[in-house]
Amino acid sequence: HLEFLWDKDLMDYLGIVRFRSNPDLIKWTKHKFSITEMSQMKSILCTRAGKNTGDANRQEGYTFQHNLNYPEYEFRVSFMAHQLLRNSKTSLARENKDNDLIGTITGYSCTIRIQETNKLILKPEDLNLGDDIVAELHQAYNTKSGITCITGAPGAGKNTTYSSIVNANNNREMIVWEVGSPIEYKLPITQINVESYEHMKNVVKTSKTQDIDKIIITEFRDSEMGHLIKDTVISNMSVLLTMHITRVWDFIEKYREYFGPNDYRTMVMYTRQISHQVMFKKLCDNCKKPLHYKDMNQQERDAYKSLKLEGTTVYIANRDEDSDCRIQCLGGFLTTRLPAAESLLLTRQDKRASVLLDNMLSADTEVEMRNLVKNYMVNNGKSLEYKIRERIINGEIDFREVIRLEIFEEVQSEK
């Protein structure tokens with residue numbers, strides 16, 4: 001059933017030497033493709049599968065899905081655009097609050113994986129997101145109006161998270177629709193497996209005429225869908241979205257792009273929660289090794305200080321092929337994957353969050369609004385830095401894998 005993967009021309013083009021596999025997942029990620037490379041990759045994939053490229057010609061990214069010979073598996077390739085936010089004077093936008101953000105695509109990451117199509121739904125306590133994050137997810141989901149966003153890169157576990165929360169909060173009095181392609185988990189709600197993004201938009205449009213309480217939309221990538229979501233939310237229906245962003249404050253740029261400059265502030269007012277997560281490979285306790293400060297390069301030292309790890313021992317994977325543990329782990333990593341998440345809960349019930357929301361709505365520009373959220377999260381125990389720091393201190397994740405995250409690219413760009 002893996003024949004599709006082993007196309008020699010495709011593998012040569014990607015430069016893949018081999019996949020390391022486990023019983024549950026095959027995954028490979030590369031940074032950064034150019035738009036030309038991404039277009040070539042789309043053409044190869046669609047030609048190989050006998051598919052039309054359809055709506056694949058989109059600069060913001062593309063997801064390719066192909067059913068394998070075995071129905072319990074699916075081959076999936078996801079591209080995610082990475083943007084450098086600049087203003088019209090080409091300096092970083094946050095340095096000049098008089099200009100709106102302009103997203104310049106700097107490249108694409110590509111995640112390739114074998115996806116199980118009928119997976120077990122985790123209990124919320126088994127998501128490993130932390131009790132505080134899970135409590136806010138429950139709270140936001142049970143709100144009868146407004147928008148909840150679960151965000152992250154392809155493969156970060158967005159569908160796993162919302163499926164767990166939906167399943168745990170199954171209320172037969174609440175009528176819920178899930179609209180996706182494909183539907184990854186079987187849930188006790190109405191699930192509509194759409195054939196295309198256009199089909200998805202038609203279903204969302206139809207939902208407004210139905211007597212439903214909540215709709216889950218697994219793709220949100222253009223202004224037409226934004227218009228439909230705005231009408232849905234204003235009609236007092238609750239919406240749960242998944243989006244691809246890098247940090248929680250980036251939702252403002254996406255809102256402005258998809259809801260438009262005249263409506264994005266209104267949609268911020270309707271937003272209840274933004275939850276963002278990233279996924280890490282778990283270090284093998286038997287063969288991880290410490291990384292001493294004197295052995296770090298300048299980027300690693302900057303990240304070490306930024307995460308306030310002075311005096312803390314950090315670990316990296318032992319990639320030595322002669323390691324005694326090479327059979328139990330893959331290059332120093334276990335097959336277990338650990339998430340780290342951050343949450344922004346916009347509620348009037350919390351004093352700090354209420355003040356933040358007032359300040360956001362009175363901000364003159366989206367850049368100022370974005371900076372307000374960013375500064376709010378810096379001093380928040382539910383920030384990504386705080387959660388990642390916990391994982392590092394516990395010796396669970398590779399320090400060098402952490403600093404490859406885009407949360408540090410922004411710091412380097414400022415320098």
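## Helix packing and a buried strand

Helix α7 (residues 251-259) packs against helix α11 (residues 366-378) at an angle of about 150°, and their axes lie 9 Å apart. Angles over 145 degrees count as roughly antiparallel, so α7 and α11 are roughly antiparallel to each other. On the α7 side the contact is made by I252, E253 and R256, and on the α11 side by E366, M369, R370 and V373. By type, these contact residues of α7 and α11 divide into 3 nonpolar, no polar and 4 charged. Please keep in mind as you look around that this is a predicted model.

### The chain as a whole

Stepping back for a moment, the chain has 14 helices and 13 strands. Of its 415 residues, 52% count as buried. The chain exposes about 19,800 Å², and carbon and sulfur atoms supply 45% of that area. Among contacts between residues at least 6 apart in sequence, 71% join residues at least 24 apart.

How much of α7 is covered? Helix α7 is mostly covered, with 7 of its 9 residues buried. The buried residues of α7 are F251, I252, E253, K254, Y255, Y258 and F259. Two charged residues, E253 and K254, are thus in the buried set, and E253 also takes part in the contact with α11. Just after α7 comes G260, which takes a positive phi of about 95°.

M267 lies in helix α8 (residues 264-270). Leaving aside neighbours within four places in sequence, M267 is in contact with I147, K230, V233, Y255 and F259. Two of these, Y255 and F259, are among the buried residues of α7. The C-alpha atoms of M267 and I234 are separated by 9.2 Å, although the two residues are 33 residues apart along the chain.

Leaving aside neighbours within four places in sequence, S164 is in contact with I121, L122, K123, P124 and L127. Buried means under 20% relative accessible area, and the values for both residues are given here.

| Residue | Helix | Relative accessible area |
|---|---|---|
| M267 | α8 (residues 264-270) | 0% |

Is strand β9 (residues 238-243) enclosed or open? Strand β9 is largely enclosed by the rest of the structure, because 6 of its 6 residues are buried. Both faces of β9 are covered: S238, L240 and T242 are buried on one side, and V239, L241 and M243 are buried on the other.

Which strands pair with β9? One partner is strand β5 (residues 146-151), which pairs with β9 in the parallel sense over 6 bridges. Within that pairing, I150 stands opposite T242 of β9. Another partner is strand β8 (residues 214-217), joined to β9 by 4 bridges and running parallel to it. Here the bridge partner of K214 is S238 in β9. Both S238 and T242 are on one side of β9, together with L240.

Definitions and conventions. Residues numbered from 1 in each chain as written. Predicted model: local features only at pLDDT ≥ 70, side-chain atom pairs only at ≥ 80, totals over all residues. Heavy atoms only, no water. Axes fitted to C-alpha atoms, helices over the stretch in contact; angles between N-to-C directions. Parallel < 35°, antiparallel > 145°, perpendicular 65-115°, else oblique. Contact = heavy atoms within 4.5 Å. Buried < 20%, exposed > 50% of the residue type's maximum accessible area, 1.4 Å probe, protein only. Areas by Shrake-Rupley, 256 points an atom, 1.4 Å probe, with all protein chains shown as cover. Pairing = 2+ DSSP bridges.
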